[in-house]
Amino acid sequence: MVNSLSEKSFDYIVLGASTGLTTLNTQVIDSMLHTKGVNLSMDDTALSSQYLMLQHFLAQGKTTKVCVLAPSVKDYDVRTNELSGNDYRFLPYVNTTYVYDYYKQFKGVDAKVLAYSKWFPMLGVSYYNVELFYPSLVALMQLEKRNRFDATGNYVYPESKKASKMINDLKSVTLDFNNPYVNKIKALCKANDIELICYISPLEGKNVIVSSAGFSVINHSNLLNDSKYFFDSEHVDAKGRKVSSVQFAFNFEALRK
């Protein structure tokens, strides 16, 4: 976001975990709606991380009309947030108040290493290098290896090898939006004149019921009725991403009107 995105203003951004990263293709959405969006989702992160990403986005002087929140579905109701596996990626910005305060709020050795890096940079450098060590070995041995990210942050799982099987029985799941970071994100959006849309990504064999009022929601939990669209029970494959992104564009356009 800091080094590769020269644009300052967007029609929408996608904040989320691996579900947001692999479900919503901003290039498909933009081609249909003639909008400009970017996917800022990160795998292995929680709603607290998405709040931090929104702070980071705004701190760079960037603006957006809409924030699409697309975390792991169950994360909407997590009451106690912990440091996420990929929160270390904000380490280069530990000298900023918002990143330091974020690390400082968590308990545990990893959180302390990240927070204390503000005062002892070698702690963070060592931690960061350990995280990069194994990917570097892979790159060294397989020079042709590339990630599946595109220029606007979208990522795709390959097409699954699942046979086509209709999903007839759906288990109902109720979401109350109990995670305190949902309201923190909502408040930060309101303070910056950003419309918040909560996205419920497709789930294999589940139908999500949102009981919390006061939120704009696009619910795709039961959008896909065939197992062939899923990479696993919580993530769509390339086929599922295309269907989901097209339907999201229709729903998004309807909300904008």
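**Note on the predicted model**

1. Helix α3 is mostly covered, with 11 of its 13 residues buried. The structure is a predicted model, and this applies to every point below.

2. The geometry of α3 (residues 47-59) is consistent with its length: at 1.5 Å a residue its 13 residues should span 18 Å, and the end C-alpha atoms are 18 Å apart. Glycine 61, which follows α3, has a positive phi, near 80°.

3. The model holds 7 salt bridges. One of them joins the side chains of lysine 65 and aspartate 11, at 3.3 Å from N to O. Lysine 65 belongs to strand β3 and aspartate 11 to strand β1, so this pair ties together parts that are 54 residues apart in sequence.

4. Lysine 74 sits in the loop between β3 and α4, and glutamate 234 in the loop between β7 (216-219) and α8 (238-256), so the pair ties together parts that are 160 residues apart in sequence. Lysine 74 is exposed, at 54%, while glutamate 234 is partly exposed, at 29%.

5. Aspartate 101 and lysine 104 also form a salt bridge, at 3.8 Å from N to O. Both residues are in helix α4, 3 residues apart, about one turn of the helix. Aspartate 101 is partly exposed, with a relative accessible area of 35%, and lysine 104 is likewise partly exposed, at 48%.

6. Serine 18, in helix α1 (residues 18-23), is buried at 16% relative accessible area. Its side chain makes a polar contact of 2.7 Å with that of histidine 235. Beyond its neighbours within four places in sequence, serine 18 is in contact with Met42, Asp43 and His235.

7. What makes up the nonpolar surface patch of about 590 Å²? Its members are Phe133, Tyr134, Leu137, Leu140 and Met141. Tyrosine 134 lies in helix α6 (residues 121-141) and counts as exposed because its relative accessibility is 57%.

Note on methods
Residues are numbered from 1 along each chain as its sequence is written. This is a predicted model: local features need pLDDT of at least 70, side-chain atom pairs count only at pLDDT 80 or more; totals for chains, interfaces and linings use all residues. Side-chain values use heavy atoms; hydrogens and water are left out. Patches are made of residues with over 30% relative accessible area and no salt bridge: like charges are joined within 9 Å, nonpolar side chains (Val, Leu, Ile, Met, Phe, Trp, Tyr) within 5 Å. Accessible areas come from the Shrake-Rupley method with a 1.4 Å probe; for residues, only the protein chains shown count as cover. A salt bridge is a side-chain nitrogen of Lys or Arg within 4 Å of a carboxyl oxygen of Asp or Glu. Helices (H or I, at least four residues) and strands (E, at least two) are DSSP runs, numbered from the N terminus. Buried means under 20% relative accessible area, exposed over 50%, partly exposed in between (1.4 Å probe, protein chains only). A polar contact is a pair of N or O atoms within 3.5 Å; within protein, one must be able to donate a hydrogen and the other to accept it, and residues adjacent in sequence count only if both atoms are side-chain atoms. Contact means heavy atoms within 4.5 Å. The expected span of a helix is 1.5 Å times one less than its number of residues.
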